[in-house]
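Here is a short note for someone opening this structure for the first time. Please read the points with the model in view.

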Amino acid sequence: MDNVLVVNYTYIADPDAIAEHRPAHRAFLKGLADEGVLLLSGPMASGVGQPDAGLLVFASDSPEDVLARLGEDPFQKEGIVANVEVRGWTPVLGAWLDRVSGEDAEGAEEA
């Protein structure tokens with residue numbers, strides 16, 4: 001599938017602000033999931049010396065569209081997101097492949 005985009009959010013170092021706005025952020029993302037645009041999302045485990053972060057997986061072939069949609073995210077509107085990185089992703093193996101690609105895993109291209 002050529003239309004999967006992975007978004008990495010890096011958050012500011014303010015756990016109280018993150019906690020305060022998390023319910024609105026998750027409600028916003030649930031709306032995107034209900035539309036079928038957001039496939040997966042969730043916080044990433046803290047790394048040594050790394051800021052808090054989140055990972056989002058979208059069904060889209062337009063980074064511009066994803067960025068525009070995410071511009072409405074309460075985390076972005078409240079200044080909680082310090083950095084947004086969007087990359088195309090071509091999943092080829094794994095138990096979730098059919099959910100992401102809509103294809104039978106055996107029909108996927110080789111890695």
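**Notes on the pocket and the aromatic residues**

1. Helix 1 gives the largest share of the lining of the largest pocket, five residues. Keep in mind that this is a predicted model.

2. How much space lies in the largest pocket? About 240 Å³. The lining has 18 residues, and Tyr-11, His-25, Arg-26, Gly-42 and Pro-43 are the closest to the pocket centre. Elements that give two or more residues to the lining are strand 1 (4-11), helix 1 (15-35), strand 2 (38-44) and strand 3 (53-59).

3. By residue type, the lining of the largest pocket divides into ten nonpolar, five polar and three charged residues.

4. The structure holds two aromatic pairs. One joins Tyr-9 and Tyr-11 edge-to-face, 6.0 Å centre to centre with 70° between the planes. Tyr-9 is buried at 0% relative accessibility, and Tyr-11 is buried at 10%.

5. The other pair is Tyr-11 with Phe-75, also edge-to-face: 5.4 Å centre to centre, 85° between the planes. Tyr-11 lies in strand 1 and Phe-75 in helix 3 (residues 74-77), so this pair ties together parts that are 64 residues apart in sequence. Phe-75 is buried, as is Tyr-11. Together, Tyr-9, Tyr-11 and Phe-75 form one aromatic cluster.

6. Look at Thr-10 too, which is found in strand 1. Is Thr-10 buried or exposed? Thr-10 is buried, because its relative accessible area is 17%, under the 20% cut-off. Leaving aside neighbours within four places in sequence, Thr-10 is in contact with Pro-51, Asp-52, Ala-53, Ile-80, Val-81, Ala-82 and Asn-83.

Definitions and conventions
Residues are numbered from 1 along each chain as its sequence is written. This is a predicted model: local features need pLDDT of at least 70, side-chain atom pairs count only at pLDDT 80 or more; totals for chains, interfaces and linings use all residues. Side-chain values use heavy atoms; hydrogens and water are left out. On a 1 Å grid over the protein atoms alone, a cavity is a set of points where a 1.4 Å probe fits but cannot get out, and a pocket is an open set with protein on both sides within 12 Å along at least five of seven lines; lining residues have an atom within 4 Å of a point. Grid points are joined across faces, edges and corners, and a volume is the space filled by probe spheres set on the points. Helices (H or I, at least four residues) and strands (E, at least two) are DSSP runs, numbered from the N terminus. Ala, Val, Leu, Ile, Met, Phe, Trp, Tyr, Cys and Pro count as nonpolar, Asp, Glu, Lys and Arg as charged, and the others, Gly among them, as polar. Buried means under 20% relative accessible area, exposed over 50%, partly exposed in between (1.4 Å probe, protein chains only). Contact means heavy atoms within 4.5 Å. Rings of Phe, Tyr and Trp (its six-membered ring) pair if their centres lie within 6.5 Å; planes under 30 degrees apart count as stacked, over 60 as edge-to-face and the rest as tilted.
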